[in-house]
Structure formats: C-alpha cells, structure tokens
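Hello,

Here is the structure for you to look over. My notes follow below it.

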Amino acid sequence: MMLTIDPTRWASAFVLVAAWAGLCAAMLRNRKPAAEDGAADWLVVHASQTGNAEYLARQTAATLATGGLSARALSIADFDAATLASSTRVLFIASTYGEGDSPDAAARFAGVTMAGSPDLSQLHYAVLALGDSSYANYCGFGRALDAWLASRGATPLFPRIDVDRGKAEAIAGWQHQLSHLAGTSDLPDWEAPAYGDWRILERTLLNEGSAGAPLYRIALIPAAGPLPAWEAGDLVQVCAPRDPDLPREYSIASVPAEGRIELLVRLQHHADGSLGAASGWLCLDATGLDTISLRVREHARFRLGANAARPLILIGNGTGLAGLRAHLKARIDAGVVDNWLVFGERNARADYLCRDELERWRDSGLLSRLDTAFSRDGAEQRYVQHVLAEQAEELRTWIARGAAIYVCGSLQGMATGVHAALADALGSAVLDELATQGRYRRDVY
C-alpha cells in the first residue's frame, strides 16, 4: 500500500469522504412514504421480481374495479408501515426468490416492517403466493407473509392460494375468490399474450473449448410479420415441444434496432444424461425451418426507466451478459457512454463472451470501464465480487455521482457474493436505499 503526505491528495480524499457521508445521510433522510396516487378502498400489493406478481396485481385491481370497487395496485416497496397500519383491505401477491427469499422490492418490508409487532386487527387480507415446487422452501415469502399477518391479528378473507410455476388452476381459484369480493362474474380477460411463431436465423457457439457447458448466441426473427416491441431488460418465454406446459424464460440480449431477438443460451445436461427441454431444442435440435413458439414479456423492474440517463454499473456472469449487453447497446445507441461493466466467467481464452464487441466499445470510449474476472485463470479463484471489493472506492465515487447498479446472472454464488461485496463497499443501509429508489436492480436465476 502506498502512503502519501501530499496535502493536495489529502484534501481531495477528505472532500470525497465528506461527499460520500453526505450522500449516505441524504439518502437515509429523504426516504419517501408510500405513493399516493389517490385513495382506494382496496389495495393490491405486489412483491414482484420478474414482473409476474405485478401483472397479476394489475389484473386483480381491474377485476375489483369491474364490480365497482375502488382498487389500486402498488409495489410493496411503496407500502410502508404507516400505510399498512391505516389499511383495512389489502390483497397481497407475493413471489418468492431463490430458496424462500423475498423479492428485492420487498427487502425493506421483510427486513423492517415484518420485524415489528404492529396491531393489525383492523386489516382484512388475502395472499396469492407465487413459487416453484422444485425448491425446498416453496412459496417461502408468501407463506411467511401470510403467517406474519395472521400473527399480528389480521383476518384472512380466504385461505392463502399457492401457485406452482404459474399453474392456471391456482390462478383460477384466485379469480373465483375475487368474483365473490367484487360481486360479479363478468371478469376481465386475464389471458397473457399469445405465443408467436419464430425461427432461428443464426446460432453461434461462443465458448468453443470451454470446460463448461456449451453456450450459444441465438438470433431469432418472426416467421412472418414485424418484430414486436420490447426494451432492454425484457425477457422472452419459449415453449419447447418436449415440455410445452412449462415455458422457459431468457433475457433478451439485443435491442429492436438490431432487427432480431438475440439470446445467450447454455446447453443444460441433466443427471440422467438428457438435455434441457428448452436449451436442447434451441441449441441443437431446432433448425432454421422449425417453428419456435416464443413471446416477449415485459420485465419492468429490470428496464432502465428512470435510470436511463444515470451512470450505470453493470455486473454479471455467464449468460447474465445477455441482459447487460442489451442495456449497453441501448445506452450506446442513445449516446450515453457513462457505463461500467464487470463481467466474470471461467477462462479468458474460451469463455470471454462477446469479447471483440465489448473491447471495441471500451476502446472507442462507448464503455467507460470494463473489468473482468476469470475464476480458473489464476492460482486463486477470482470472481466478480472480488473485483468489486478491489474497486470499493471507485464504486462509492460512481454512486455519489448518481449511478444505478444492475446485476444479471446466477443467483447461487455470484448474486449473493456481489450483494455482500456491495454491502461492504457502500454500507447495507445505503444498498437497501438504492434498492428502494430503483437504483439497485437484479435479474438473477
């Protein structure tokens, strides 16, 4: 470590530390209460990570409105303790993230509000819990929320409904209960957009010689008609012929101006040697003549939105580069170059995805900073979280300038390690506040 007695450097460092401390204080002081878009007799509160709970909340509010009830959907991030204490009728739609965790938007509610002991005897509520039964803690956050509300004296309107991977039967059960609340059977259509027919235009192996599973960059175009609209951060759902009842979701790696949807797909191998239903179809089996059933799905929480003009820190690994690449391309096309990418994989030789493009953007000034971590290239394993720890001061500088942080990639290992590194560098309270402000967003799986 180099020490200095240069007074100019000491003064600069003092100013930076003071600015950082001021920013932290201001962020914690200026927390906004729950959004007030007009009073409503019914609140439909969604805890959403990828947009499913938010979509269902808006449909739920519309259903209640059909029966003449005043209803409003809002994010749990905007549902503070004071609003909870004054509410009498609330419907919660709660997704679960990873192994029973709350979605990012619900971090403060789960960590602060649910840690309290308010009297909620005035509240009548119901919970629609979204989850995946292949995980041990199925619908973990929805179940925990339901139990906590009941323990605080709130009265359930009807038993909690658990939804396994979007099963239509469970959603229909929720709709049935809503029809009783609204006093009408004339319900609005809840059908999601239909799947379209697409075909593969190009398929390129990106990691030839890798010790990991093959990873392909796949370009798709509609079989007929124009491209649908989407934004950087959005997803596609793909129905594979071998398992049409369980669509797989992939981050879109391209922007509409490129004239095609691009995906980064890793070929999955199961323990019995079989291939993943969707990845095997997209990476190996489907030809340019086959029909791919695909639809675009809005992923509002991972779009740029209000962060479009901010400096942007993008962090990810593996196929997570897809969502980050779309954001970079969208910003570069818009003339915004204040971008910092931190990307990790196994080996630089075989796994440096989109290397030529990323380094070209960096060298031409369109990507302000590019840091990489290749875990198998050194004597010790090095991951993206290690880069963040090494660049803690630079992180604080970017955040002080108003930067937003977007993380995309694997939940296990990468996302948890990145979260811990960010908390160490910025402070847990500041990181929580960034999440509440929408300046810390994750699309991890």
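**What was found**

Helix α2 passes helix α6 in a right-handed crossing (the near helix is turned clockwise from the far one by less than a right angle). This is a predicted model, where local features need pLDDT of at least 70, side-chain atom pairs count only at pLDDT 80 or more, and totals for chains, interfaces and linings use all residues. Residues are numbered from 1 along each chain as its sequence is written, and side-chain values use heavy atoms, without hydrogens and water. Helices (H or I, at least four residues) and strands (E, at least two) are DSSP runs, numbered from the N terminus.

The axes of α2 (residues 52-66) and α6 (residues 168-182) come within 9 Å and cross at roughly 30°. Axes are lines fitted to C-alpha atoms, for helices over the stretch in contact, with angles from 0 to 180 degrees between N-to-C directions. So α2 is roughly parallel to α6 (under 35 degrees). Leu56, Thr60, Thr63 and Leu64 of α2 make the contact with Ile171, Trp174, Leu178, Leu181 and Ala182 of α6 (heavy atoms within 4.5 Å).

Now the sheet. Five strands form an open sheet, in the order β15-β14-β13-β16-β17, with parallel pairing (two strands pair if DSSP finds at least two bridges between them). β15 (369-374) and β17 (440-444) stand at the edges with a single partner strand each, so one side of each has no neighbour in the sheet. Strands β13 (residues 312-317) and β16 (residues 404-409) run parallel and are joined by five bridges. Ile313 has Ile405 in β16 as its bridge partner.

Best wishes

Methods: Angles under 35 degrees count as roughly parallel, over 145 as roughly antiparallel, 65 to 115 as roughly perpendicular and the rest as oblique.
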